[in-house]
Amino acid sequence: QVQLVESGGGLVQAGGSLRLSCAASGSTFSIYTMAWYRQAPGKQRELVAAISSGGPTTYVDSVKGRCTISRDNAKNSVHLQMNSLKPEDTAVYYCYGDLWAHRIGRGDYWGQGTQVTVSS
């Protein structure tokens, strides 16, 4: 069984910064794409940023220039550095992993979510 465990959410004032982290643990596995999604109240879950196993990244337009996604393949982890936070960044942030697990195969995995609240 594979688990994605997030950390780093919290309450921050507008203009502040937060760093989200997500680590995969469990059975032997290989990780392909890792990403961060977010879901604000009353809205659909949206992709914030993604990073492939080879390193290329993609960002939603609203966070470009303010957020940086990175991964540590040795630690099976992904991070999201968020700067110049805005109240509209308030949401539950979910870690996502496209990965292959021993005896399970390839599939989509999600973390439990971490709340990010930006006050104005």
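**Pairing, exposure and overall form**

Mentor: W36 has A49 as its bridge partner in strand 5. This is a predicted model, in which local features need pLDDT of at least 70 and side-chain atom pairs count only at pLDDT 80 or more, while totals for chains, interfaces and linings use all residues. Residues are numbered from 1 along each chain as its sequence is written, and side-chain values use heavy atoms, with hydrogens and water left out.

Trainee: What makes strand 4 and strand 5 a pair?

Mentor: Two strands pair if DSSP finds at least two bridges between them. Strand 4 (residues 29–39) is joined to strand 5 (residues 46–51) by five bridges, and the two run antiparallel. They form a hairpin with six residues between them, and G42 in the turn has a positive phi of about 80°.

Trainee: How do you know that strand 4 pairs with strand 9?

Mentor: Nine bridges link strand 4 and strand 9 in the antiparallel sense. Within this pairing, M34 stands opposite G97 of strand 9.

Trainee: Which strand is joined to strand 9 by six bridges?

Mentor: That strand is strand 10 (residues 105–110), antiparallel to strand 9 (residues 91–101). D98 has D108 as its bridge partner in strand 10. Strand 9 and strand 10 form a hairpin with three residues between them.

Trainee: Why is R103 called exposed?

Mentor: Buried means under 20% relative accessible area, exposed over 50%, and partly exposed in between (1.4 Å probe, protein chains only). R103 has a relative accessible area of 79%, so it is exposed. R103 lies in the loop between strand 9 and strand 10, and its phi is positive, about 70°, although it is not a glycine.

Trainee: Why is N76 called partly exposed?

Mentor: The relative accessibility of N76 is 25%, and therefore N76 counts as partly exposed. N76 is located in the loop between strand 7 (67–72) and strand 8 (77–82). It is not a glycine, yet N76 has a positive phi of about 50°.

Trainee: Is G15 buried or exposed, and what does G15 touch?

Mentor: G15 counts as exposed because its relative accessibility is 56%. Its place is in the loop between strand 2 (10–13) and strand 3 (18–26). Leaving aside residues up to four places away in sequence, G15 touches S84 and L85, where contact means heavy atoms within 4.5 Å. G15 and S120 are 105 residues apart in sequence, and their C-alpha atoms are 8.8 Å apart in space.

Trainee: How many helices and strands does the chain have?

Mentor: The chain has zero helices and 11 strands. Helices (H or I, at least four residues) and strands (E, at least two) are DSSP runs, numbered from the N terminus.

Trainee: Why is the chain called as compact as a globular protein of that length?

Mentor: The radius of gyration is taken over C-alpha atoms, and the globule rule is 2.2 Å times the number of residues to the power 0.38. For 120 residues the rule gives 14 Å, and the chain has a radius of gyration of 14 Å, so the chain is as compact as a globular protein of that length. The C-alpha trace spans about 45 × 25 × 25 Å along its principal axes.

Trainee: How many of the 120 residues count as buried?

Mentor: Of the 120 residues, 41% count as buried. Among contacts between residues at least 6 apart in sequence, 55% join residues at least 24 apart.
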